[in-house]
Every structure is written in C-alpha cells, then in structure tokens.
Amino acid sequence: MTFDPQQRWQLSSSVALRPEPFGALAYHFGNRRLTFLKTPLLVTIVRSLAEQPSARAAVVAAGVPEQQQSHYERALAALADAEVLTCA
Amino acid sequence: MRLTEQFERGLDAPICLTWELTYACNLACVHCLSSSGRRDPRELSTAECKAVIDELQRMQVFYVNVGGGEPTVRPDFWELLDYAIARDVGVKFSTNGVRIGKTEARRLAATDYVDVQVSLDGADAVINDAVRGEGSYDMARRALDALASEGFQNPKISVVVTRQNAGQLDDFKALADSYGATLRLTRLRPSGRGADTWDELHPTAQQQRDLYQWLLTAGEDVLTGDSFFHLSALGEKLPGLNLCGAGRVVCLIDPIGDVYACPFVLHEQFKAGSVRDAGGFTDVWRSSELFRELREPGSAGACGSCGSYDACRGGCMAAKFFTGLPLDGPDPECVLGHGEAALLAVAAGSAPIPGPGHSRRSLPLSVM
C-alpha cells in the first residue's frame, strides 16, 4: 500500500508496542516481524495517529520541527510498508 | 547512539529467548549444544513453567524459541503451548519430528502464533543420520509430510551448517521450497557434545566464504537467527542485527530454570541465576551481575587493531570460550584467519568442559 501522509493511519491491531529506552519494539503477531521505532518521539506520533485526521497532522501535533517533518513522514511510510500501520 | 549500541547495553526485556523445556531426547545428536538425552528430575513443573510464561507476558517478550532436548516429549508440552499463545507469547519450537503425526499437525495448523522448526542436518539420510542418528532423516520427513498434508503453513527446516552438509545448501533450499517451508541455517558451535565433534564438523575456511556468498544471494528468504555475523568481516553485512546478543537481547532458560547468557554457553561461568530465585526471571534479566557485565562496553582486545572489528564484533563468545580462546580475541572461525593462529596458542586440554551434561549413559557392565 502506498503511504499517503494526508490520510488517516493507525497502529495495526495485530501489532504490540514495547517501550524501550531508544523508543519501542513493534511486534506484528501476524507476520511475526519485529520492527524498531528508533526515537521516543516517533512512538508518541504512532500512538497518536488514530486521534489525528492525518499522518501529517500527527507529526505536526507532536511538535516535530519543520525541517524534520519529512524525516518522520518517511519513518511512518516505512512502518506502513512493514504493516505496523494500517489505513484507518 | 546507533541502535546496535543500544542493544549492546541491554534492553529491559529480551527481544526473544530460548527456553529448553527438557533435557530428555529420543536422539543423541553428536553436536547437541545441551548434551541432551536424559530428563533431569529437577526440571520445572507445569505450574512453574506457567509462572514463567506469565512473567514473559508481563515483560512483553513477544515470542520464545522452545527447544530441548526434544520439547514434544514433555507430557504437558501442548498444554504449555496453548497457555503461552493465549497470553500473547508466541512460540517457535524446534523438534526432530518424533511426535508430529497427522493429529498433532492438524492441531498446529489450527493454532495461530506457533512456528514449527524441524531439524535436519543433511539433505539426504546418509549425511543427516551420521550426525543425528539412524532413522532421524525419515522421521523429520514424516513430520514435514504430516504438516503439509494437514495444511500447516510455512514450517521451518532448521539446519546446522557442517563441513559435511555445507555443499548441500541448494538441496536444502529446494527441499524447503517443495514443502512451502522456510529454510533456516545456523552456525555450529563447540558447545555441549559439539565440543567433542567440532574439529570434524565445523566448516572449512573455503566453505565459510561460499556460505557467505550464498547467504548474501539468498537475502531475507533464508533465516539465520543472526548466527553468522562473524562472516560480515568478509565485506558486506548480512541481514540481521550483526551482534552478539548474549545477555543483552537474548538469553536461555534451561529445563531446570537456570538462566544462561545464550543457548550456546551452558557452563557455570555464564549462569546468571534461576527463574526459581526470589525475583524470578525478571530480576535475573534486569539485575544479575553477569548480565550487567555483558552489557558494559566490551574491549576489542586482540582484535582492536583489526580493521574488520566493527563488522564482526569479534565473533561468537561461546565459540571462543569452548575452544579455549580468550573472550576478547578472535573467533576460532575468524574469516581473516586470526582464529587459527590463536588456537595454536591454546594448550591441549585447557578448553573449558561444557556442562551440565545429560547424555545417556551406556548401560553399566553389571546389569548386562
């Protein structure tokens, strides 16, 4: 699925997040893949996705500085690609 | 800080752990890393195993690699499997296939979050049975046949790469493909009975280079449990974390509840504690002195002047330990040849003896 940051996304119901000092581990119980969320801020964004009208809005609402926003959108795209995120 | 450095300093809970449920085994493989055979009378009870699973759930350990011995010969194996899965602790279990008939295969096919790894150490009976014992090849194939006929999706065929089977990688892959299975290759360690057979079984330097090329081509289609990271010194990194996770992101619980740094170091020196201790597994993982030490930034030692240290991280702790090499030096199978040189300096008979052994004793003469 192509990642559209204007769409609403959410954490897949098959995925559990485990907090870690660097961010979080995401485990997908369906495909049994482990993914790493490499910053605490990314974890905050992922957890807030379902309440935000779009992925981009979630990145902005989390207070990501403008010059880093595309970086975080790319991280979300990678998570969508790994099926950690699903379209809401 | 890079992610691998975070991992080297340890996580609040293991990413996954290996749990050997019993030392009992119907086979007596010559390279068995836990010297299994006889059940130990002190093995964890069903209730104790369930308490460990409850802890793993609280710690959010998402899956365990269950092994042995042969785990399926435990009478409560299926009960524990269901108990773990119901608590979001996924189970990957390794088996030689002895108890996987059609009924069990049907049951497994109907269960989510379970992975089955059938062990085979030769793509034909001659090479396999020389290591795993007479009839073990047919037994594994019967289990794979049962899993296929009952609709179990994507089992794993788990192979320890040896000098004898290193030329069969394409055959193993073809066999896995024929079953809709995934091939898993892991590294032979001089652990358990493997200490006695390592010299004859471990791959040659040329075989290691061929294996490295083969793994690069296969990419993520072939699982390795991250066990060949020492090969990364040959150039490009292999898929995976490429680090020794012992006591940092993985560990082992043995059948009597003792916790070791990894499945390949069953030795007093690498025992961190027991799940039977007052603080349980959680406390061993978070506070044991051994695990704290392993999470300290390590010294590259004799490897410090080698330009490849960042790639191979000095290799496998267990392989060094049981061949008598210093832990802060090269791996015995160092692809740049530093291990062979270091091995020459090891005095005969000075390598540590693996323990605790549970090999079956041959019958004492008095009862024959």
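The model is predicted, and local features are used at pLDDT of at least 70, side-chain atom pairs at pLDDT 80 or more, while totals for chains, interfaces and linings use all residues. Residues are numbered from 1 along each chain as its sequence is written, and chains are lettered from A, ligands numbered from 1, in the order in which they are written.

**Exercise 1.** Find which residues of helix 3 of chain B are buried, and explain why they lie on the same side.

*Solution.* Helices are DSSP runs of H or I with at least four residues, strands are runs of E with at least two, and both are numbered from the N terminus. A residue is buried if 20 or more other C-beta atoms, placed from the backbone, lie within 10 Å of its own. In helix 3 (residues 77-86), Phe77(B), Leu80(B), Leu81(B) and Ala84(B) are buried. Because they cover an arc of only 105 degrees around the axis, they sit on the same side of helix 3 of chain B; the arc is taken from the directions from the helix axis to the C-beta atoms.

**Exercise 2.** Determine the strand order of the open sheet in chain B and its edge strands.

*Solution.* Two strands pair if DSSP finds at least two bridges between them. The nine strands follow the order 6-5-4-3-2-1-7-8-9, with mixed pairing. Strand 6 (182-187) and strand 9 (271-274) of chain B are the edges, since each pairs on one side only.

**Exercise 3.** State how many residues each chain gives to the contact.

*Solution.* With contact meaning C-beta atoms, placed from the backbone, within 7 Å, chain B gives ten residues and chain A twelve.

Definitions and conventions
A residue is buried if 20 or more other C-beta atoms lie within 10 Å of its own, exposed if 12 or fewer, and partly exposed in between; C-beta atoms are placed from the backbone. Two residues are in contact if their C-beta atoms, placed from the backbone, lie within 7 Å.
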